[in-house]
Amino acid sequence: MKSVQQDVDERSNLTGTNKFELLLFRLGGDEQGNHSELFGINVFKIREIVAMPEITTVAGAPKHVLGVVNLRGQIIQVLDLPGIAGVKPKTGLNIMLVTEFARTTQAFAVESVEEIVRLDWNQVMSAENSAGSGMVTSIARLPEQDGVPGRLAQVLDVETILRTLNPEQERENFDQAVGSKIAIKPGTVVLAADDSVVARALIEQGLEAMGLPFIMTKSGKECWDQLNTIASAAEAEGRTVYDRVAMVLTDLEMPEMDGFTLTRTIKSNNRFSNLPVVIHSSLSGTTNEEHVKNVRADAYVAKFSAEDLSRTLRKVLNG
């Protein structure tokens, strides 16, 4: 376990080169504990990995909430990830993954941790049309290793998992949170990109409450292609992309092309270099915020607060 934890610490500074680190783990299998599949979570979201400590059961806790632990003075909720995934661990819940993202800290109980692999986002495919894609955002194609054929790992949509367990978070009054409507140049839209079904729904509700017309895409690659299509259509009419797109709003973790690469590609292209780009991500911490500056994004806002998103977009769009 120590070597895996060291890997997390050493590799968490991976810069945005359309590559990322995926922590692989297993949750269990069928009723007999067989057919155990590989799952993964971005290393950027992992704060630490610990052997399962003693858990205090909380009276009246929702289903799949095992209880809480006291980790160096911080009380952290522990979630039964195998139970959420509908599988049964053969050897028990042995490992706790402490995660930090979307302004919260929580822990996921898993059966075992395998390894960390470095992948390019173009090795990751959307799982939107796959069975069970409610909690799986994408499928990672792992490279062949030591003669073993490449495997597939399911990348968890942790935002969807947390929203499912805490549905009251969806009751936010968007109209009240975002304030007055935001005015932009007539005929322009916000071009948004996010691979999470839940995140897209929340972003759409927020943008609608702000009075901002938008086009939603599901990956950085789709967003980049859409941007070029819009620009070409505008130029055919004797206009520019700035007459059609007011800004780009992008997530960071996305199949095919991540948000860092999308932002850097936009800002380094003379056709789009003055187009505002706001990164909207559940990944937190000073390291990621430094990467945001390096790719010349105009702003960074952490998921998900309609009020913070509105404040950031208002500042970027209205100067």
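Which residues are buried in α5? Keep that question in mind while opening this model, which is a predicted one, and begin by selecting residues 197–210, the stretch that forms helix α5. The helix has 14 residues and reaches 20 Å from its first C-alpha to its last, close to the 20 Å expected at 1.5 Å a residue. Colour V198, A199, R200, L202, I203, G206, L207, A209 and M210, for these are the buried residues of α5. Then step on to G211, which follows the helix and has a positive phi, near 75°.

Next, display the open sheet of six strands, whose order is β8-β1-β2-β11-β10-β9 and whose pairing is mixed. At its edges stand β8 (112–120) and β9 (124–126), each with a single partner strand, so one side of each is left without a neighbour in the sheet. From one strand to the next, the twist averages 35°.

Within this sheet, select β1 (residues 19–26) together with β2 (residues 38–42), which pair in the antiparallel sense over five bridges. Here L23 has I41 of β2 as its bridge partner.

Finally, show the aromatic side chains, among which the structure holds three aromatic pairs. In one of them, the rings of F20 and W121 have their centres 3.9 Å apart and their planes at 10°, so the pair is stacked. Because F20 lies in strand β1 and W121 in the loop between β8 and β9, this pair ties together parts that are 101 residues apart in sequence. Both F20 and W121 are buried. Select F25 and F39 as well, a stacked aromatic pair with 6.4 Å centre to centre and 20° between the planes; F25 lies in strand β1 and F39 in strand β2, so the pair ties together parts that are 14 residues apart in sequence.

Notes. Residues are numbered from 1 along each chain as its sequence is written. This is a predicted model: local features need pLDDT of at least 70, side-chain atom pairs count only at pLDDT 80 or more; totals for chains, interfaces and linings use all residues. Side-chain values use heavy atoms; hydrogens and water are left out. Two strands pair if DSSP finds at least two bridges between them. Helices (H or I, at least four residues) and strands (E, at least two) are DSSP runs, numbered from the N terminus. Axes are lines fitted to C-alpha atoms, for helices over the stretch in contact, and angles run from 0 to 180 degrees between N-to-C directions. The expected span of a helix is 1.5 Å times one less than its number of residues. Buried means under 20% relative accessible area, exposed over 50%, partly exposed in between (1.4 Å probe, protein chains only). Rings of Phe, Tyr and Trp (its six-membered ring) pair if their centres lie within 6.5 Å; planes under 30 degrees apart count as stacked, over 60 as edge-to-face and the rest as tilted.
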